[in-house]
Amino acid sequence: MMRATGVGILEGLGRLDRRWLYLMLFVALGVTLVARPLFPESSSVFTRPVFARIESLARGAPVLVALDYSPASAPEIEPMAQALTRHLFLQGARPVFVTLWPEGNNMLQRLREQVFEPEFPDLVEGIDYAALGYKAGGRMVINALRQDLRSMYTADLRGVPLDSLPALAHVARLDQFPLIVALSGGTPGLKEWVLYGGDPTGTPVAGGCTGIGTPEFLAYFPAQLLGLLGGLKGASEYEAALAERYPALGIPRRAGRAMGPQTVAHVLILLFLVLGNLSYLRRRGPRRDGRRA
Amino acid sequence: MKRLLPKVITSGVGILLILTAFGARPGAGGAGPWPVRVFDYVDRNFTVWFNILAVFAFILGGASLLKGHMQRVMQRRPDWPYSVITLVSFIAVLVIGLGKLGGPPGLQGEVTDPAAWLMVVFAAIYEPLMATLFSLLAFFVASAAYRAFRLRSREASVLLGAAFVVLLGRTPLGAWLSDLLPRGLSFLRIDTLSMWVMRVPNVAGQRAVLIGIAVGVAALTLRILAGRDSVEGDRI
Amino acid sequence: MSGWWNPTLWNLALATAAITAAIVWGVVWTRRRGLPAVRRIAGVAAIEAAIGRATELGRPVLYVAGTQDLDDVQTVASLGILSAVGRLTARHGCQLVMPTTRSLVLAAAREILRESYTAVGRPDSYAPDMVTYISDDQFGFAARVDGMITRQRPAACFLQGAFYAESLLLAEAGAQAGAVQVAGTGMSHQLPFLVAACDHVLIGEEFFAAEAYLTRDADKLGSLRGQDLVKDAALAVLVGGAVLVSAAEFGGWRWLAALRDALLRLLQV
């Protein structure tokens, strides 16, 4: 009787209504989002080259940063955008922000509010960084930047002519940037920066993408892609590396805190897989009369 | 003629775009032979032309949207109140955006100015809605995985094993569990295995799929250029 | 004329010419020798079965031609499949519902379906409202289509084209509604989600070949023969190249090294 009950429970667990799965996931995610545990993190072979490259930048070096994502992918991309921007400013580099997505200007505004103004209040736009903003055209924009920056952008977002910006004093073309950082939530994005920006000009491209895009871009590593921050894990690794490099600064660990819910979600999904398969194997096994089902 | 002319235009423009990809680029100041200048002009402007076409085509799409929902409201079809919400939202955002309400006025006024009402709608309504729908994916992945990943065959078992390794490897838990392994078995570290799965079999499979897709695209493109991608097949 | 072309792209031009020649050869061969034998693709075979099921159940067929515009080749491929699906639904007398994200796709799809229905002698069964425009936004589109699937409960869902994150939202909604789902896409990063949530998936090249399968058009099937030739050549270069580079590395012969360098120059962009 007990054995039959156990078997019945097992089969039931393999045929759960999906709403129970959603409820379990919701509760688990909710608890970890509130508790916000922080796990130790170490850089992978994909994130280390990006960190090393930025560490090696000369003071005042211009770096093209492409913010090609929207609010939908912001939970994954924004933490890496924040970490990378922090690192660039701490190294004294001069990021030049562009975007191929209409929502990119808003993403830049969020970076200003979350990183520039609270953590680097002495930054002067135009001198320490430049915000060129959105241009439509996808790869056409990159093609144009390859030949002449000013053929696409005549002024920054404030309307100040590019020739008046010290941040772009010696930069006329894409290949005059020592580094391109492309953070991408889809298309156009990292792939276009690699194919039309980095590869033809020989400019190193460091990428950041959502977790789901990581396998696609790994094909470009390391020949065409210097390094890749893949999803929340990549962002968390970068934050950890930055925190280790600057221990006194109390580097925010937004992605690191989000790894708690991600870990719990992954473990739960694994549990669902196990339950589903135990039940499936049970149903597929031999019947009590010895015949196969 | 009605069928021939679009095919001729399609073929001609398609061939020009392919030649443009192989064309030289003009020198400083746009100097160069006339084909080079044509290639450069087409390369820089063609996407813009397409975007302009798409904008005008939006009038058709927008009209279809309005017509469909207005009919639903007038005929009181099921769930017609949602159509009222759709219509009101559509018209309200259209007026706010076209009129550049709240932001710098005039035709040259920046529609994405932070003070513009359009950006308020974007930040207060659009962004949370997008984030909400995107977050549905977490739940849908769970239910899809629960339903689909079964040990039906050898290949399915390999797939399930890889899923285990990668799911664990993408979290700090994988590294922590791997720390329990003796030094001699460090090659079995879950985070290392996860990276191997992502970098080797996954990339190999992706590249194979990409090669197949590229060849398929080439064949389809040739059929279009040759005017052979007609909707009239022989038979089904 | 030499100043008209970019000399660094000579190898790409060569590859383009070779691929074109292979595909043209395939078409010519098929015209002379007859239709090639093609392996069965379960997903393509499932399309007609799914439409038949929808007809028996009296429930509609949902067709989504991806979420990208007409300048995406996957959308063009999807519209080719739509033409065949339209003929099937017209022939079976089954309702077809097609939401779109782009206005140009709306216009093209309406024209294609009108021609498909006319071709099988059912022009009166066609209605322009079969194809509706929803939204350019991927999640707005997914939300609306999920609602359509939940309310109308289609018996068959065909998700054919370029998708992004909305693919799983659409596919899972269809799975939960009990629809038979056949997906096809060239977006490799969406394939895992579609494989998990759909009954059949046309992976990459199969998606582009589906129209040839459904129409049994000689030229389209002939181009498949040419595609196979190109893939065989790619495989030979991959395997041969790997062996050559390894042998040159370990063998130390100068002629082998020269051959290796020539191959790498040929493949370098």
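## A walk through the predicted complex

Chain A and chain B bury about 4200 Å² between them, and carbon and sulfur atoms give 69% of that area. Buried area here is the accessible area, taken with a 1.4 Å probe, that two parts lose on being put together, summed over both. On the chain A side, A:Tyr22, A:Leu270 and A:Leu273 lose the most area to chain B, together 13% of what that side buries. The contact (heavy atoms within 4.5 Å) takes 53 residues from chain A and 39 residues from chain B.

Before going on, a word on the ground rules: this is a predicted model, where local features need pLDDT of at least 70 and side-chain atom pairs count only at pLDDT 80 or more, while totals for chains, interfaces and linings use all residues. Residues are numbered from 1 along each chain as its sequence is written, chains are lettered from A and ligands numbered from 1 in the order in which they are written, and side-chain values use heavy atoms, with hydrogens and water left out.

Now for the charged pairs. A salt bridge means a side-chain nitrogen of Lys or Arg within 4 Å of a carboxyl oxygen of Asp or Glu. Over all chains the count comes to 28, yet between chain A and chain B there is one. A:Arg110 makes a salt bridge with B:Glu127, with the closest N and O atoms 2.8 Å apart. Those two residues also belong to a salt-bridge network with A:Glu78 and A:Arg254.

Staying in chain A, look at A:Glu119 and A:Arg86, whose side chains meet in a salt bridge at 2.7 Å, N to O. A:Glu119 lies in helix α5 and A:Arg86 in helix α4 (residues 74–90) of chain A, so the pair ties together parts that are 33 residues apart in sequence. Helices (H or I, at least four residues) and strands (E, at least two) are DSSP runs, numbered from the N terminus. A:Arg86 is buried, with a relative accessible area of 4%, whereas A:Glu119 is partly exposed at 32%. For those words, buried is under 20% relative accessible area, exposed is over 50%, and partly exposed is in between (1.4 Å probe, protein chains only).

Next, find A:Glu125, in the loop between α5 (104–119) and β3 (130–134) of chain A. At 15% relative accessibility, A:Glu125 counts as buried. Not counting residues up to four places away in sequence, A:Glu125 touches A:Arg112, A:Ala131, A:Asp156 and A:Arg158.

Over in chain B, follow helix α2 (residues 34–74). Its 41 residues should span 60 Å at 1.5 Å a residue, and the end C-alpha atoms are 58 Å apart, which agrees; the expected span is 1.5 Å times one less than the number of residues. Even so, α2(B) has a kink of about 40 degrees centred on B:Asn45, the bend being the angle between axes fitted to the seven residues ending there and the seven starting there.

Finally, the interior. A nonpolar core is a set of buried Ala, Val, Leu, Ile, Met, Phe, Trp, Tyr and Cys residues joined through side-chain atoms within 4.5 Å. The largest has 55 residues, and A:Leu273, C:Leu159 and C:Leu170 touch the most other members. Helix α4 (residues 117–148) of chain B gives the most to this core, with nine residues. Apart from it lies another core, of 49 residues, including C:Met98 and C:Ala212. As for chain C itself, there are ten helices and six strands, and 55% of its 269 residues count as buried.
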